[in-house]
Amino acid sequence: MTVSTGLVGLPNAGKSTLFNALTAAGAEVGLYPFTTVGRNVGTLVVPDERLATIAAITRPAAVTPALLEVVDIAGLVRGAHRGEGLGNQFLGHIREVDLILHVVRCFASDRVAHVYGSVDPVRDAETLELELALADLETVERRLERARRRAKAGGAGEEAEVVALAEMVRDWLGSGRPARRLPPEIRASAAFGELFLLTAKPQIYVGNLSDSEFQAAAAGTGPGAWLELKSHAEAAGCPAVPVSAAVEADWVAMSDDEKVLWESELGAAIHGGPALVRTAYQHLDLVTFYTVNENEARARTVPAGTTVAAAAGKIHTDMERGFIRAEVIPFPDLCRAGSLVAARQKGLIRTEGRDYRVADGDIIYVRFAPPT
Ligand SMILES: Nc1nc2c(ncn2[C@@H]2O[C@H](COP(=O)(O)OP(=O)(O)OP(=O)(O)O)[C@@H](O)[C@H]2O)c(=O)[nH]1
Ligand SMILES: [Mg+2]
């Protein structure tokens with residue numbers, strides 16, 4: 001399963017700089033707003049220390065990490081929902097992602113223009129949120145009109161329900177609240193899902209800070225602009241993660257020796273990328289499990305609560321259909337045993353049936369009968 005995340009924000013927030021650092025995809029970065037006109041799609045290798053340890057223990061021929069898709073979307077400005085700036089075609093790009101990474105500029109720079117003339121993260125965040133909410137309102141109004149027309153034409157029952165739901169959602173959005181804060185029973189309904197609302201998507205705020213400000217933010221001591229963004233995020237019920245796109249870019253350009261030197265100088269908070277990925281996994285309630293054989297050790301991502309049979313089905317449909325049992329060992333147990341053979345001898349490998357729910361860090365071997 002590949003999860004898709006979208007970098008969304010005002011022009012010159014640093015989206016493409018961050019995208020390049022996270023994915024090494026080489027998108028164009030510019031001093032002026034609207035450098036990105038379409039979108040850039042890349043993949044990020046999910047940092048995973050457990051996978052490295054598993055590979056060291058089991059020595060497979062290849063090691064395959066989990067991947068996260070990252071989409072770098074053109075900057076939005078006031079009026080985007082009406083087609084201002086680069087227009088609302090880009091709203092469509094946001095619609096396709098599983099998670100919005102809302103990049104907000106916190107860094108000051110005389111060199112880099114700001115579309116509204118000054119650095120003000122909360123104003124910028126609210127500007128973008130308003131555009132997404134207005135785009136959603138239009139979507140809901142259109143759906144409402146269609147439902148009413150159909151109801152009049154005799155479609156009765158079902159359409160009346162859609163009308164009631166759409167009116168409720170319209171009033172909710174109209175009062176300035178994003179759709180993601182609607183009660184869970186509304187968000188779970190099929191009619192709501194079919195609206196594909198932008199403000200219903202999970203969101204993480206990504207504050208883009210200068211190098212020194214990032215260090216302060218990671219230590220929890222400031223700067224003011226970041227702390228304001230953080231409170232804004234808290235009030236919105238979304239996590240906020242500090243990064244410095246410039247530092248991320250430096251980090252990927254470094255040799256391994258330079259990285260080691262940096263790590264010894266700066267300690268844990270060297271750069272924000274790994275924490276951003278961790279937060280994305282937590283916020284989307286994803287777990288990572290591992291499959292290991294002599295050819296490959298591989299990290300795989302599934303939503304928390306996925307059964308082992310369904311997880312096996314994502315590896316290969318035959319594995320779900322012909323599922324017999326799964327052999328499972330949690331990561332810490334493998335580390336303690338030192339090898340799979342020792343783990344088996346010590347009875348640390350459990351046998352689980354198809355309804356077992358995969359836990360984060362499980363190493364799983366699926367026994368299945370290929371269909372004849
Ligand atoms: N000082 C500093 N400059 C940055 C940082 N991040 C990005 N920039 C600069 O800001 C400018 C805009 O960065 P981009 O990454 O192109 O911004 P964007 O959000 O993709 O902009 P659009 O594509 O126009 O929407 C570039 O000149 C970057 O070098 C940062 O953390 N610190
Ligand atoms: Mg860009």
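Guide: Contact means heavy atoms within 4.5 Å. Not counting residues up to four places away in sequence, T23 touches G42, T43, L44 and V70. T23 belongs to helix α1, residues 15–23 (a helix is a DSSP run of H or I, at least four residues, numbered from the N terminus). The relative accessibility of T23 is 12%, so T23 counts as buried (under 20% relative accessible area; exposed is over 50%, partly exposed in between, with a 1.4 Å probe and protein chains only). A polar atom of the T23 side chain lies 2.7 Å from the backbone oxygen of F19.

This is a predicted model, where local features need pLDDT of at least 70, side-chain atom pairs count only at pLDDT 80 or more, and totals for chains, interfaces and linings use all residues. Residues are numbered from 1 along each chain as written, chains are lettered from A and ligands numbered from 1 in written order, and side-chain values use heavy atoms, without hydrogens and water.

Now the rings. Phe, Tyr and Trp rings (six-membered ring for Trp) pair if their centres lie within 6.5 Å; planes under 30 degrees apart are stacked, over 60 edge-to-face, the rest tilted. The count is one aromatic pair. The ring centres of W251 and W262 are 6.1 Å apart and the planes stand at 35°, so this pair is tilted. W251 lies in helix α9 (residues 245–253) and W262 in helix α10 (residues 256–266), 11 residues apart. W251 is buried at 10% relative accessibility, whereas W262, at 21%, is partly exposed.

Methods
Helix = DSSP H or I, 4+ residues; strand = E, 2+ residues; numbered from the N terminus. Polar contact = N/O pair within 3.5 Å; in protein donor to acceptor, adjacent residues only side chain to side chain.
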